[in-house]
Amino acid sequence: MQAPKSLPKPQNWQDFETLCKKLWGEIWKCEEIKKNGRSGQEQHGVDVYGNPRGEKFYYGIQCKGKDEYANKKITEEEVIVEIEKAKGFEPKLKKLYFATTANKSIFQKEEP
């Protein structure tokens with residue numbers, strides 16, 4: 001029996017953020033990985049952040065639930081906006097990752 005190549009998307013964006021926190025916590029070997037803020041609070045483009053083992057700097061993750069949640073794809077403009085917001089995040093980030101539930105072809109051009 002072969003394992004599936006993809007997993008079903010989480011039922012809601014909160015579960016998706018929790019999944020990202022747990023996944024990157026393992027990848028980064030980061031015991032102190034945290035969710036940033038609560039719903040409705042300014043997050044400066046960062047949903048999850050931590051200090052990967054062996055690093056002196058922090059890394060951040062912007063979680064973008066798409067398709068089943070919002071019925072649309074992530075846009076290039078949306079990514080740029082989140083990057084600009086993350087520049088104001090404290091502690092300063094060395095890297096910012098985007099995690100999304102959008103399909104493989106993620107960028108959708110904005111229509112005029």
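Analyst: **The aromatic residues and their setting**

Let's start with Tyr 97, which is partly exposed at a relative accessible area of 30%; buried means under 20%, exposed over 50% and partly exposed in between, using a 1.4 Å probe and protein chains only. Do keep in mind that this is a predicted model, where local features need pLDDT of at least 70 and side-chain atom pairs count only at pLDDT 80 or more, while totals for chains, interfaces and linings use all residues. Residues are numbered from 1 along each chain as its sequence is written, and side-chain values use heavy atoms, leaving out hydrogens and water.

Now for the ring pairs. Rings of Phe, Tyr and Trp (its six-membered ring) pair if their centres lie within 6.5 Å, with planes under 30 degrees apart called stacked, over 60 edge-to-face and the rest tilted. This rule gives six aromatic pairs. One of them is edge-to-face: the ring centres of Tyr 49 and Phe 89 are 5.1 Å apart, with the planes at 70 degrees. Tyr 49 belongs to strand E2 (residues 48-50) and Phe 89 to the loop between helix H2 (76-86) and strand E4 (93-100), so this pair ties together parts 40 residues apart in sequence. Helices (H or I, at least four residues) and strands (E, at least two) are DSSP runs numbered from the N terminus. Tyr 49 counts as buried at 15% relative accessibility, and Phe 89 does too, at 3%.

Tyr 97 itself forms a tilted pair with Tyr 59, at 6.2 Å centre to centre and 40 degrees between the planes. Since Tyr 59 lies in strand E3 and Tyr 97 in strand E4, the pair ties together parts 38 residues apart in sequence. Tyr 59 is buried, at 6% relative accessibility.

Trp 24 leads us onward: leaving aside residues up to four places away in sequence, its contacts (heavy atoms within 4.5 Å) are Lys 29, Ile 33, Ile 61, Tyr 97 and Ala 99. Trp 24, Trp 28 and Tyr 59 are also among the 11 residues of the largest nonpolar core, whose other members include Phe 16, Cys 20 and Val 48. Such a core is a set of buried Ala, Val, Leu, Ile, Met, Phe, Trp, Tyr and Cys residues joined through side-chain atoms within 4.5 Å. Helix H1 (13-27) and strand E3 (58-64) each supply at least two of its residues.
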